[in-house]
Amino acid sequence: MENNNMGELKCRNRKQVHLFYCMECEELARKVATHSEFITLQSINWRNFDDGFPNLYINNAHDIRGQHVAFLASFSSPAVIFEQLSVIYNLPRLFVASFTLVLPFFPTGSFERMEEEGDVATAFTMARILSNIPISRGGPTSLVIYDIHALQERFYFGDHVLPLFETGIPLLKQRLHQLPDANKIVVAFPDDGAWKRFHKLLDNFPTVICTKAREGDKRRVQLKEGNPADCHVVIVDDLVQSGGTLIECQKVLVANGAAKVSAYVTHGVFPKRSWERFTQKNEGSEKGFAFFWITDSCPHTVKAIGNTAPFEVLSLAGSIADSLQI
Amino acid sequence: MATRPTPFPSSFLTRKKILSRFTFFKQFSILLNDKKCSRFRCQIKSFENQPPNWNVEFLPGTQPIHLIQNSPSSSISMASDSALKTVKNVCLFYCAETKALAERIAAESDAIELRAINWRTFEDGFPNLFIPNAHGIRGKNVAFLASFSSPGLIFEQLSIIYALPKLFVSSFTLVLPFFPTGTSERMEDEGDVATAFTLARILSNIPTSRGGPTSLVTFDIHALQERFYFGDNILPCFESGIPLLKSRLQQLPDSDNISIAFPDDGAWKRFHKQLQHFPTIVCNKVRIGDQRIVRIKEGEAAGRHVVIVDDLVQSGGTLIECQRVLAANGAAKISAYVTHGIFPNRSWQRFEHDNGGHPETGLTYFWITDSCPQTVKEVMGKPPFEILSLAGSIAAALQI
């Protein structure tokens with residue numbers, strides 16, 4: 001949030017918010033609560049029956065009557081969705097004053113279109129499930145999501161939820177200003193999609209745009225516009241999976257004269273520990289990444305990586321605490 | 001109906017001549033596998049005079065005993081009627097767990113055709129799904145046979161369930177033989193989370209198709225009140241496995257010596273009306289000091305073959321306690337029936353065969369349906385277990 005917004009918020013009445021969270025998000029939830037005295041942590045008993053189905057209990061259910069309530073969710077795999085969903089569908093009906101669902105990373109986001117009849121766009125399934133959250137006394141549920149993959153996905157949600165699309169870019173900008181070579185930073189986008197998503201937020205930096213061009217059977221990353229020579233280039237994208245695209249971009253940038261290359265993604269999905277490609281130095285002339293910034297939207301990755309170079313975790317806690325005041 | 005031009009044993013040819021007089025004669029395939037065993041199945045859809053609906057299955061001697069029953073469910077009253085009504089052609093999709101049951105269902109009726117789905121996963125664990133020949137189901141009646149044996153499987157099946165109705169199908173039916181979470185359906189304490197409500201909500205949100213609200217077929221749902229958990233955009237069809245049990249009991253040599261026992265009042269409420277013509281025994285749990293002990297509340301067990309009936313079994317503790325009480329009260333033989341054999345952590349291992357007459361240590365029969373495919377795999381061919389298949393009942397329900 002920009003400085004003038006912060007001043008505005010301080011003048012308005014602050015909401016007292018009771019924050020529940022899933023097991024994976026406990027650390028992030030604690031950080032959010034330390035950001036503001038208006039946020040209190042609440043707990044849920046997460047147990048399972050023998051058949052594997054959840055046996056859940058919301059502690060202090062009476063105390064949240066008439067209060068603003070939020071739930072910090074994380075759908076890191078399909079298996080954890082049902083138990084969190086049971087809590088999400090239940091909380092709004094406990095006579096709360098309002099309900100906010102914070103889902104920092106919206107998974108399935110990259111599978112959001114039907115190119116062929118028969119494709120099943122699981123992002124639509126996810127949006128449908130979330131749109132079906134019961135309304136509470138405070139009206140439709142607010143749904144806070146960071147850097148959703150496709151801009152069109154905002155229209156997948158029905159009228160009973162109010163999606164609030166936030167971004168991690170301000171955290172990146174803050175971090176970049178702290179760097180000693182802050183005046184030599186160039187932002188690179190690995191493809192047009194990333195440029196569409198982020199260029200307006202980063203228009204005070206010179207930009208480089210890459211693209212994938214077909215060469216015979218393969219698709220190679222090439223420089224489309226901009227000049228990275230002698231600069232510290234920061235590749236920006238919303239998420240990283242295997243990391244292949246980022247590595248190819250880095251090679252092209254170095255080949256075109258970049259002095260240093262770093263990366264920022266909001267969501268470090270990194271399935272199957274693919275982040276390991278970045279912590280090990282490559283052979284030969286590869287310098288690797290100077291910095292690799294991710295947020296704490298994907299708790300399993302953060303636990304595994306911590307701050308192992310070149311990774312640095314930028315926390316969404318402050319941003320989430322502010323969004324709970326909306 | 002097409003007859004298939006495959007070679008038959010000569011006894012079958014004679015039968016075929018006789019049967020060809022009738023209006024509809026459907027003959028399924030004859031499979032000759034390399035063990036020189038044969039297996040065939042016939043279904044006569046209508047006779048000129050009588051409307052029986054019989055089903056014969058011969059199994060090769062090398063396969064474990066797998067009894068498949070087919071008896072009309074309460075929802076299709078007369079086979080002759082069905083010959084006169086238009087038969088609905090149904091495209092049946094299924095998930096990996098339910099493939100075997102889907103194949104049995106398709107074998108029940110020429111009108112049911114199996115369709116496949118590509119079930120793959122992305123690296124991040126989320127599903128990567130594709131419905132081949134999606135154009136081919138336009139204007140057709142479509143069904144999906146689901147199984148939510150664990151929470152991790154729900155999302156991928158749900159994606160298919162939410163996608164199919166929107167492919168210009170003429171109707172959509174979801175068959176979910178076992179509705180899990182059914183036992184977690186009430187809030188005793190504010191703070192309890194009734195997951196049955198979550199599941200009902202998720203299913204009530206299935207998009208409507210051109211055929212209107214989705215039909216949801218489920219068997220022996222745990223609590224009768226759960227029918228009201230579903231919203232108006234879905235039409236739940238509550239079926240039961242009890243007719244399969246009744247057919248099976250009639251085949252037993254001591255069918256006139258059977259009494260039905262209910263482990264608690266809940267089971268009695270759910271099932272007594274369907275089992276009225278059997279003498280009944282009702283058990284209940286009584287608190288004695290710190291413990292809760294199962295006792296017989298009403299009915300006589302002495303000298304009888306007692307069949308304990310309930311909708312599902314988890315650890316089996318309740319059934320075992322019932323068995324002890326019934327044996328102590330003189331039951332000659334004890335069997336059990338549950339529609340849904342959940343048996344988490346292989347708890348089915350607690351149930352032993354009585355080997356012809358020790359009711360206190362074992363059961364004569366333990367019938368379960370094929371609603372829980374993982375269990376069926378594990379107990380098939382292991383006495384006292386016998387599987388009663390829902391295939392016929394489901395095939396009939398798809399015609400509704």
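## Domains and interfaces

Chain A is divided into two domains: domain 1 covers residues 2–166 together with 317–323, and domain 2 covers residues 169–295. The model described here is predicted. In chain A, the C-alpha centres of domain 1 and domain 2 are 30 Å apart. Contact between these domains of chain A involves 8 residues of domain 1 and 11 residues of domain 2.

The area buried between domain 1 and domain 2 of chain A is about 760 Å², and carbon and sulfur atoms give 58% of that area. On the side of domain 1 of chain A that touches domain 2 of chain A, the residues comprise 5 nonpolar, 2 polar and 1 charged. Between these two domains of chain A the count of salt bridges is 0. Polar contact is found across the same interface of chain A for 5 residue pairs, with both residues at pLDDT 80 or more.

Chain B is likewise divided into a domain 1, made of residues 90–239 and 395–399, and a domain 2, made of residues 242–369. The contact between them takes 8 residues from domain 1 of chain B and 10 residues from domain 2 of chain B. A distance of 31 Å separates the C-alpha centres of domain 1 and domain 2 of chain B.

Domain 1 and domain 2 of chain B bury about 720 Å² between them, with 59% of this area given by carbon and sulfur atoms. The side of domain 1 of chain B that touches domain 2 of chain B has 5 nonpolar residues, 2 polar residues and 1 charged residue. The salt-bridge count between the two domains of chain B is 0, while 4 residue pairs across their interface are in polar contact, both residues being at pLDDT 80 or more.

The size of an interface is often expressed as the accessible area that is lost when the parts come together. The table sets out this value for the interfaces of the model.

| Interface | Buried area | Share on carbon and sulfur atoms |
|---|---|---|
| Domain 1 of chain A and domain 2 of chain A | about 760 Å² | 58% |
| Domain 1 of chain B and domain 2 of chain B | about 720 Å² | 59% |
| Chain A and chain B | about 4,200 Å² | 65% |

## Between the chains

Where chain A meets chain B, 49 residues of chain A are in contact with 51 residues of chain B. In chain A, the residues that lose the most area to chain B are F53(A), F82(A) and E117(A), which together account for 16% of what that side buries.

The count of salt bridges between chain A and chain B is 3. One of them joins K272(A) to E123(B), with the closest N and O atoms 3.7 Å apart. Across the interface of chain A and chain B, 11 residue pairs are in polar contact, with both residues at pLDDT 80 or more.

## Cavities

The structure also holds 4 cavities of 30 Å³ or more. The largest cavity has a volume of about 120 Å³. Its lining consists of 19 residues, and those nearest the centre of the largest cavity are F178(B), P180(B), T181(B), G182(B) and T183(B). By class, the lining of the largest cavity has 9 nonpolar, 7 polar and 3 charged residues.

Terms used
Residues are numbered from 1 along each chain as its sequence is written. Chains are lettered from A and ligands numbered from 1 in the order in which they are written. This is a predicted model: local features need pLDDT of at least 70, side-chain atom pairs count only at pLDDT 80 or more; totals for chains, interfaces and linings use all residues. Side-chain values use heavy atoms; hydrogens and water are left out. Domain bounds come from an automatic or database domain assignment. Contact means heavy atoms within 4.5 Å. Buried area is the accessible area (1.4 Å probe) that two parts lose on being put together, summed over both. A salt bridge is a side-chain nitrogen of Lys or Arg within 4 Å of a carboxyl oxygen of Asp or Glu. A polar contact is a pair of N or O atoms within 3.5 Å; within protein, one must be able to donate a hydrogen and the other to accept it, and residues adjacent in sequence count only if both atoms are side-chain atoms. Ala, Val, Leu, Ile, Met, Phe, Trp, Tyr, Cys and Pro count as nonpolar, Asp, Glu, Lys and Arg as charged, and the others, Gly among them, as polar. On a 1 Å grid over the protein atoms alone, a cavity is a set of points where a 1.4 Å probe fits but cannot get out, and a pocket is an open set with protein on both sides within 12 Å along at least five of seven lines; lining residues have an atom within 4 Å of a point. Grid points are joined across faces, edges and corners, and a volume is the space filled by probe spheres set on the points.
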